[in-house]
Amino acid sequence: MDSNFFNKMKFKYQRFAIPNLAVYASVCFAIGYLLISTDVGAGFYLRYLAFSPRQVLHGQIWRIFTAILYPPSLGGGVLGAVLGILIYYSFASNVEAMMGNFEYNVYFFGSILIGEIGSIVYYLISGVNFPYLPLYTHFAVFMALAIMYADATVLFMFLIPIKIKYFALFEVAVYIYNFIVGPLYTKIAIIAAFIPVIIFYYMTSRSRGGSGNIFKDIKRSIDNKKRRREWESNWR
């Protein structure tokens, strides 16, 4: 992404950015969970609020925005939902604080918008009116945190300390598997989540003196560690 173009966009539109978006998104998820956790509410969400390409193309444009109500977790009952939303807020608020309001708005809404556009394209090509659920957008927020704080430690299952970068690699492997075996609409949702991650990694890596290519950066990191070990062994 051209940084000059992005800076111009920021200068022009940053006043429209929503501050504390992580808070508002978490509130939306809580409302969405309360709605979707019942059969009646889930049916109402799918019929009137979920992003459905056919309905959007027929004028129900509010679905572009109400799709955000889909929460990061539906498993584990109320406790699972509360923990899922709290964990999301913890990650998202840190990402928002590091990125800035405008950047985080672009990152978050951009992932959802890419998925919605991809869903429309899929509908126009296949004729299948499958709703787009922004589940993988929550994953994109975690990946941004992993890029910025790769060596930080989190407690997996609240018990096992693990570096974020290793947890992120595991998550990537899971989503790559889902991409391979999943239907086309799942592939679209995963691609939508990964596009802003790749762009963000490129911009962050270049600002830190990296290549912007994750594979080259990993290779350079491995080579640097190898040279460091060789240097330390020579001084023992």
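How many helices and strands does the secondary structure of the protein chain come to? It comes to eleven helices and two strands. Both are DSSP runs numbered from the N terminus: helices are H or I with at least four residues, strands are E with at least two. From the N terminus on, the order is α-α-α-α-α-α-α-α-β-β-α-α-α.

This is a predicted model, in which local features need pLDDT of at least 70, side-chain atom pairs count only at pLDDT 80 or more, and totals for chains, interfaces and linings use all residues. Residues are numbered from 1 along each chain as its sequence is written, and side-chain values use heavy atoms, with hydrogens and water left out.

**Overall packing**

The protein chain has 236 residues, and 39% of them count as buried. Buried means under 20% relative accessible area, exposed over 50%, and partly exposed in between (1.4 Å probe, protein chains only). Contact means heavy atoms within 4.5 Å. Of the contacts in the protein chain with a separation of 6 or more, 65% are between residues 24 or more positions apart.

**Aromatic pairs**

Seven aromatic pairs occur in the structure. Rings of Phe, Tyr and Trp (its six-membered ring) pair if their centres lie within 6.5 Å; planes under 30 degrees apart count as stacked, over 60 as edge-to-face and the rest as tilted. Tyr-45 and Tyr-70 have ring centres 6.3 Å apart and planes at 40°, so this pair is tilted. The pair links distant parts of the chain, 25 residues apart: Tyr-45 is in helix 3 (residues 39-49), and Tyr-70 is in the loop between helix 5 (63-66) and helix 6 (77-99).

Phe-108 and Phe-109 are edge-to-face, because their planes stand at 75°, with centres 5.3 Å apart. Ring pairs join Tyr-104, Phe-108 and Phe-109 into a cluster.

| Residue | Relative accessible area | Class |
|---|---|---|
| Tyr-45 | 2% | buried |
| Tyr-70 | 14% | buried |
| Phe-108 | 1% | buried |
| Phe-109 | 33% | partly exposed |

**Helix 6 against helix 8**

The axes of helix 6 and helix 8 (residues 135-148) come within 9 Å and cross at roughly 55°. Axes are lines fitted to C-alpha atoms, for helices over the stretch in contact, and angles run from 0 to 180 degrees between N-to-C directions. The two helices are therefore oblique to each other: angles under 35 degrees count as roughly parallel, over 145 as roughly antiparallel, 65 to 115 as roughly perpendicular and the rest as oblique. Residues in the contact include Tyr-88, Phe-91 and Met-98 of helix 6 and His-138, Phe-142 and Leu-145 of helix 8.
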